[in-house]
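Here's a quick briefing to read alongside the model. It goes through the aromatic contacts first, then the backbone.

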4 protein chains.
Amino acid sequence: MAERVETTARLETFSDGVFAIAATLLILDVNVRAGTSGQALGHELLRIWPSYAAYAVSFLTIGIMWVNHHTTLGLMARVDRAFLFINIFLLMMIAFVPFPTRVVAQHFTGAGDTAAALLYGATFTVTAVFYSLFWRYAIAGRRLLRDDADPSVVGRISRSYRPGPYIYLGATLVAFASPQVSDILFGVIALFYAAENVLVRQR
Amino acid sequence: MAERVETTARLETFSDGVFAIAATLLILDVNVRAGTSGQALGHELLRIWPSYAAYAVSFLTIGIMWVNHHTTLGLMARVDRAFLFINIFLLMMIAFVPFPTRVVAQHFTGAGDTAAALLYGATFTVTAVFYSLFWRYAIAGRRLLRDDADPSVVGRISRSYRPGPYIYLGATLVAFASPQVSDILFGVIALFYAAENVLVRQR
Amino acid sequence: MAERVETTARLETFSDGVFAIAATLLILDVNVRAGTSGQALGHELLRIWPSYAAYAVSFLTIGIMWVNHHTTLGLMARVDRAFLFINIFLLMMIAFVPFPTRVVAQHFTGAGDTAAALLYGATFTVTAVFYSLFWRYAIAGRRLLRDDADPSVVGRISRSYRPGPYIYLGATLVAFASPQVSDILFGVIALFYAAENVLVRQR
Amino acid sequence: MAERVETTARLETFSDGVFAIAATLLILDVNVRAGTSGQALGHELLRIWPSYAAYAVSFLTIGIMWVNHHTTLGLMARVDRAFLFINIFLLMMIAFVPFPTRVVAQHFTGAGDTAAALLYGATFTVTAVFYSLFWRYAIAGRRLLRDDADPSVVGRISRSYRPGPYIYLGATLVAFASPQVSDILFGVIALFYAAENVLVRQR
């Protein structure tokens, strides 16, 4: 039927919007305690360091996912409506990130730390699963790929994505033993992905 | 008169912005109760499930409206100033969605559930009415359509949009009998539209 | 000197972002009173009608300014750095709108209504002044205009913009006599501009 | 290896989004004190002038950084993955600005003023350092530059950026002597950069 084949352009605009907004909204949850007296401000600004750390880890993770979204869409020639909806579910997870970030920043230690770390980890794990779906749907039978998309590049990306959900799931489960270690692992993973992207993929 | 014929490009940028922001702002209303002690965090994270559900339904509904906006604009060659204003009224409704979402998440059950469900449903009903206007204005006499826009595609879209406002109105009115059923219906409708888009329109 | 002549494309992306975000953020200030019991929700949803009205008037006013920004940029072939900064000051005013909107919604009647109406009106008056600057800078000596920009269209736009700041200033000063009439005037002006755009300029 | 050479287009969309959102979110922190009675509203609207000033300075500073980002990207033909990540760290700092803006607006005078001014200044200093990195990475060996990028323009930009981090660092350190003078300096710097851009670079 004569349904117009959609290009990726407007999908990118909408997706970039959600990625950019989700990342930028994170700052609304970095806050000094209401009623902090001026006297105590310096101390309070140091005390809330988990908020800064959570902000940085979540911003970087969203940024990495944006870079990957960017790279993979660059290999596609078209989108179909099923793909639009897979993308909407993926964006729904990305846009959800500010909530667990806020929770983990407020419950990094003390009672509630395990619940917070599980929420944080589960969010990224589910996001990684949707991201896998997004990629696999696009490449199955080269459904959405450009004619000139190099099979070896596609294969390499597939291999590099495969462990993603498992790594996130593993880091999440660590929260049952130590929620702080689990939280830190997500920071390490983000830095590792950033470094890998910068150092290895440049070849 | 020599008024420049506008293309749809910048309308898309602005509209995509509003759709993306309205959807992403929804997360600001997913919150644990202020003063939740750490001890109770796990329980509180489960207790607020209506917030997650309302987030998902509203995000998906905005996403579906974005896909449709996307699809229909793809059939248009130009916009005029009247259409720009119809679009602004449509976006005004889309951007309104976070408010009823917040209200329905906090009043899913208990006193106030009927008022919350009516507000939620009325918002989507009015949005659907504006969306019908948007489409009908564009196609009347093929006013804004591209020369190559297939009449059978246009007709099929018109037929598929026609029941929209009535379905939403019906689901809204159900709130007088059972607000919870009404709320759930909006989730079902969203999933149905998503599935229909993915499964049926692919042909 | 070999400074690259800038096109209007990226200016539009950034500006569209600010317009879209400022308009969409307005909804964050539509709120039921904290601690509203479920019982009273229906009544509370009606009581806050000034919030809905302020939301609609501000959204529509931002939308109209966006349409005009859109139309005038469409007549320009290039931007220079001075223009970029005039645009930033204009956007600074647009992005300010959610604050007076919030204030006027909470102080539509009762003590404080005059201060609120003056703040609301002054914001739009200053915005209109910046908008005049924006347009006059662009057309002085046809500085930024496209070669094919029709002088009669440019002249007509200039004439239609000239009364803008005075109309807004007048509506603002009415607040000293009646703040409610002043507030309502901004709604009337917005509807008038929308209608004029739709009905008159279509010729 | 057959990695696609990326153009700057989508980087601009995402970056413009973050710049626009960070600037527009600033307004959420301009607020009258909760519980301000209507009677006192006029006085309260004047009392919070540091909020307006902080809003204007931060908005203008973000705007200037956007103009520079815009100008420098216009000289680039391509981006690589390392550059994408440098850009993400830069955007992470831009998106952070609303937090120190909020703090400095609430602690402009009184106890806590030094801590607030240091936080504000340190944020812009680190941002300027990342911005230097961003530019130096791009021009090293003309890595990302367009073939026709004029070396004298590139050199002039490099010279004009060199003092940036030092100026910001100096203004920050002034806070130990007088936090108010430090805060005001950031306003002066922003106005100076804006004026320099408008008056000098037009040649």
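**Rings, charges and a helix**

D:Trp49 counts as partly exposed, since its relative accessibility is 46%. Keep in mind that this is a predicted model. Across all chains, the structure holds 76 aromatic pairs, and a couple of them are picked out below.

**A stacked pair in chain C**

- C:Phe83 and C:Tyr137 have ring centres 6.2 Å apart and planes at 20°, so this pair counts as stacked; the cut-off for that label is planes under 30 degrees apart.

**An edge-to-face pair in chain D**

- D:Trp49 pairs with D:Phe108 edge-to-face, at 5.4 Å centre to centre and with 75° between the planes.
- D:Trp49 is in helix H3 (residues 49–73) of chain D, while D:Phe108 is in the loop between helix H5 (98–106) and H6 of chain D, so the pair ties together parts 59 residues apart in sequence.
- On the accessibility side, D:Phe108 is buried, with a relative accessible area of 15%, whereas D:Trp49 is partly exposed at 46%.

**A cluster, and arginines over tyrosines**

- In chain A, one aromatic cluster is made up of A:Phe83, A:Tyr131, A:Phe134, A:Trp135, A:Tyr137 and A:Tyr161.
- A:Tyr137, a member of that cluster, has A:Arg143 lying over its face, 3.8 Å from the ring centre.
- Chain B has an arginine over a tyrosine too: the charged end of B:Arg143 sits over the ring of B:Tyr137, 3.8 Å from the centre.

**Helix H6 of chain D and what follows**

- Helix H6 (residues 113–139) of chain D has 27 residues, so at 1.5 Å a residue it should span 39 Å; its end C-alpha atoms are 39 Å apart, which agrees.

- Most residues other than glycine have a negative phi.
- B:Arg142 isn't a glycine, yet its phi is positive, at about 50°. You'll find B:Arg142 in the loop between helix H6 (113–139) and helix H7 (151–161) of chain B, partly exposed with a relative accessible area of 32%.
- D:Arg142 also has a positive phi of about 50° without being a glycine. D:Arg142 sits in the loop between H6 and helix H7 (151–161) of chain D, and it is partly exposed, with a relative accessible area of 32%.

Notes
Residues are numbered from 1 along each chain as its sequence is written. Chains are lettered from A and ligands numbered from 1 in the order in which they are written. This is a predicted model: local features need pLDDT of at least 70, side-chain atom pairs count only at pLDDT 80 or more; totals for chains, interfaces and linings use all residues. Side-chain values use heavy atoms; hydrogens and water are left out. Helices (H or I, at least four residues) and strands (E, at least two) are DSSP runs, numbered from the N terminus. The expected span of a helix is 1.5 Å times one less than its number of residues. Buried means under 20% relative accessible area, exposed over 50%, partly exposed in between (1.4 Å probe, protein chains only). Rings of Phe, Tyr and Trp (its six-membered ring) pair if their centres lie within 6.5 Å; planes under 30 degrees apart count as stacked, over 60 as edge-to-face and the rest as tilted. A charge sits over a ring if NZ of Lys or CZ of Arg is within 6 Å of the ring centre and within 35 degrees of the ring normal.
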